[in-house]
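Here's a quick briefing to keep beside the structure viewer. Have a look at the chain, then read on.

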Amino acid sequence: MKPAPFAYHRPSTVDEAASMLAATEGKILAGGQSLIPIMSMRLAAPAALVDLNHVTGLADIDVSDTAVRIGALTRHGDLERNVAAYDANPLLRRAVQHVAHATIRNRGTTVGSLVHADPAAEMPAVLRLLGGSVEVVSTARGRRSIDAEAFFVGPLESALEPDEVAVSACFPHPPAGSGSAWLEIARRHGDYGLVGVGALVVLDSDSSGERGGVPDQRGGHPGARRRHRRLQRRGVRRGGLGGRQDARGRGHRPRG
Ligand SMILES: Cc1cc2nc3c(=O)[nH]c(=O)nc-3n(C[C@H](O)[C@H](O)[C@H](O)COP(=O)(O)OP(=O)(O)OC[C@H]3O[C@@H](n4cnc5c(N)ncnc54)[C@H](O)[C@@H]3O)c2cc1C
């Protein structure tokens, strides 16, 4: 099938994109890897597309002391190959390399995936797990930052207003002394995972500097729930992770 007719707009600045979005009640086109198939199946028929791909300054990956910030035109593949981002936070690459196939990762954007808010997608789960945020811009309300906790509202539904353009996403670095892992079961590598899990474990250190307890465990489950949520447990004793008490979750209340 082919999409229903639509107007096409090609802004060159974020402000222009935001005002076109407000004026047309259209949709932003980023990598098009989710939007175009949905339009081709006539599951969506926006009157206009506002193509972000000619806006400059949105493809950067900025690794600071505290976070990896990626622009709205950073492709999944750019994030996967970025060495500084991997060194600062290996979980980003571990997760993003499970997103689809290389050709789709070379076009699809990570911020687009966050806005699309598919419960089976990897990067929304990572944003939620790390407690990140998305920065958005609109003509009417200016710039605002939305925490991951508030960002994912339901299946394929984010907190973005129809006139807002997402300009970047911020993934905070995990605390020092932490380890992370990403596991996924898919019928073939690159397919949407049937289920996946991301985990972050933070070790405490005692006054002698030796690593002791586990003050913070977090997990994220793409594909297992209707929206992305973070499970968190604090203050687990070392050696207690595989114990019966922990496996049953007694004494530790998982947080949404
Ligand atoms: C065969 C196939 C397999 C795939 N497998 C996976 C997978 O295993 N895991 C996974 O996570 N994803 C998968 N995807 C989806 C892929 O990751 C997409 O790239 C991603 O979901 C959307 O990114 P995009 O840049 O292509 O967004 P688009 O398709 O351009 O847009 C998606 C939606 O987000 C909105 N949007 C995008 N960017 C912005 C912005 N900056 N501001 C405001 N709104 C915006 C659009 O208006 C649209 O509603 C797959 C896609 C295909 C075609």
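In which helix is Ala88 found? Ala88 sits in helix α4, residues 83-88 (helices are DSSP runs of H or I with at least four residues, strands are runs of E with at least two, both numbered from the N terminus). Bear in mind that this is a predicted model: local features need pLDDT of at least 70, side-chain atom pairs count only at pLDDT 80 or more, and totals for chains, interfaces and linings use all residues. Residues are numbered from 1 along each chain as its sequence is written.

**Around Ala88**
- Ala88 counts as partly exposed because it has 18 C-beta neighbours inside 10 Å (buried takes 20 or more, exposed 12 or fewer, with C-beta atoms placed from the backbone).
- Beyond its neighbours within four places in sequence, Ala88 is in contact with Val63, Val68 and His173 (contact: C-beta atoms within 7 Å).
- Pro174 is 86 residues from Ala88 along the chain, with 8.4 Å between their C-alpha atoms.

**The core**
- The largest nonpolar core has 51 residues, and Leu52, Leu92, Val126 and Val165 have the most contacts inside it (a core is a set of buried Ala, Val, Leu, Ile, Met, Phe, Trp, Tyr and Cys residues joined through C-beta atoms within 7 Å).
- Domain 1 (7-53) and domain 2 (61-172) each give this core at least three residues (bounds come from an automatic or database domain assignment).

**Around the ligand**
- Gly31, Gln33, Gly108, Gly112 and Ala121 come nearest of the 28 residues around the ligand (C-beta atom within 6 Å of it).
- Helix α7 gives the largest share of that shell, 5 residues.

Terms used. Two residues are in contact if their C-beta atoms, placed from the backbone, lie within 7 Å.
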